[in-house]
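Thanks, everyone. Let me take you through one model, and please keep it open on your screens while I talk.

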Amino acid sequence: MKIYTKTGDKGTTSLIYGSRVAKNDALVEAYGTCDEANSMIGLAMSYIQTEFFEEKEEVQQAFHQIQTTLFHVGAELATPAGKEVKWKLEESEITKLESWIDQWDAQLPQLTNFILPSGHPAGAALHVARTIVRRGERSAVSIGEGVSPLVLAYLNRLSDFLFVAARFINLRLGQKEKGLHA
């Protein structure tokens with residue numbers, strides 16, 4: 001099987017089940033943005049490969065689950081309305097995010113002001129992933145009623161998680177947070 005098919009050379013792509021849409025279709029924008037966030041998370045995780053901190057394995061496992069779930073979110077967004085979703089998002093995925101948020105946030109210093117995205121390359125990349133997820137959420141909202149409420153909730157919670165995860169990684173890797181200067 002060749003990686004190129006030439007079927008998209010005229011600006012269209014296939015959704016799941018084979019229906020074709022323009023590459024700038026709202027569905028393609030939404031699932032493409034999820035893919036972009038997934039790639040940024042992968043970059044963030046590559047930055048901690050050579051680092052050591054106590055929860056490293058736990059963090060890597062959490063992000064492996066998140067990357068898999070983000071792939072499923074993208075697949076759900078790529079499924080045309082009225083068709084069966086092959087990888088349906090479950091409420092438990094949102095609950096997992098909330099659990100990790102609560103667990104990691106409890107170990108962080110309390111925020112007293114806004115912080116600037118910065119720190120260790122892994123933490124900074126997670127801040128970028130957070131903003132990409134927010135864009136994906138906005139794209140999914142723009143689709144309208146065809147988007148599962150669980151997808152919208154997952155993307156919303158994932159951006160919260162990525163904020164906490166960036167702070168957690170920065171703390172564990174000895175990076176101070178930079179606050180805003182008035």
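Predicted model: local features only at pLDDT ≥ 70, side-chain atom pairs only at ≥ 80, totals over all residues.

I will go through salt bridges, then pockets, then cavities.

Salt bridges. How many salt bridges are there? The count comes to seven. I will take some of them in turn.

Start with R135 and E36. These two form a salt bridge, and their closest N and O atoms are 3.0 Å apart. Where do they sit? R135 is in helix 4, residues 121–143, while E36 is in helix 1, residues 26–47. So this pair ties together parts that lie 99 residues apart in sequence. Now look at solvent. R135 has 27% relative accessibility, so it counts as partly exposed. E36 is partly exposed too, with a relative accessible area of 35%.

Next, E98 and R157. Their side chains meet in a salt bridge, at 2.7 Å from N to O. E98 belongs to helix 3, residues 91–105, and R157 to helix 5, residues 149–172. The parts they tie together are therefore 59 residues apart in sequence. E98 comes out at 30% relative accessibility, which makes it partly exposed.

Third, R134 and D160. Here the salt bridge has its closest N and O atoms 3.2 Å apart. R134 is in helix 4 and D160 is in helix 5, so to speak two distant parts of the chain, 26 residues apart, get linked. Is R134 buried or partly exposed? At 28% relative accessibility, R134 is partly exposed. D160, at 31%, is partly exposed as well.

The largest pocket has a volume of about 280 Å³. It has 14 lining residues, and those closest to its centre are Y31, F71, G74, A75 and A78. Which elements give two or more residues to that lining? Helix 1 and helix 2 do. Helix 1 gives the most, with five residues. By class, the lining of the largest pocket has nine nonpolar, four polar and one charged residues.

Stay with G74 for a moment. G74 is placed in helix 2, residues 56–77. Is G74 buried or exposed? G74 is buried, at a relative accessible area of 12%. The cut-off for buried is under 20%, so 12% qualifies. Then there is V28. G74 and V28 are 46 residues apart along the chain, and their C-alpha atoms are separated by 9.0 Å.

On to the second largest pocket. Its volume is about 220 Å³. The lining has 15 residues, and E76, T79, A81, G146 and V147 lie nearest the centre. By class, that lining has eight nonpolar, four polar and three charged residues.

Last topic: cavities. Why roll a probe at all? A probe the size of a water molecule, rolled over the atoms, shows where empty space is left. How many cavities of 30 Å³ or more does the structure hold? It holds two.

The largest cavity has about 50 Å³ of space. Who lines it? The residues are I115, L116, S118, G119, H127, N170, Q175, K176, E177 and K178. By class, they divide into two nonpolar, five polar and three charged.

The second largest cavity has about 30 Å³ of space. Its lining is Q65, I66, T69, E93, K96, L97, W100 and Y154. Which helix gives the most? Helix 3 does, with four residues. By class, the lining of the second largest cavity has four nonpolar, two polar and two charged residues.

To recap. On pockets, the largest has a volume of about 280 Å³, and G74 is among the residues closest to its centre. On cavities, there are two of 30 Å³ or more. That is my tour. Thank you.

Methods: Residues numbered from 1 in each chain as written. Heavy atoms only, no water. Salt bridge = Lys/Arg side-chain N within 4 Å of Asp/Glu carboxyl O. Buried < 20%, exposed > 50% of the residue type's maximum accessible area, 1.4 Å probe, protein only. 1 Å grid on protein atoms, 1.4 Å probe; cavity = no way out; pocket = protein on both sides within 12 Å on 5 of 7 lines; lining within 4 Å. Points joined across faces, edges and corners; volume = space filled by probe spheres on them. Nonpolar A, V, L, I, M, F, W, Y, C, P; charged D, E, K, R; others polar.
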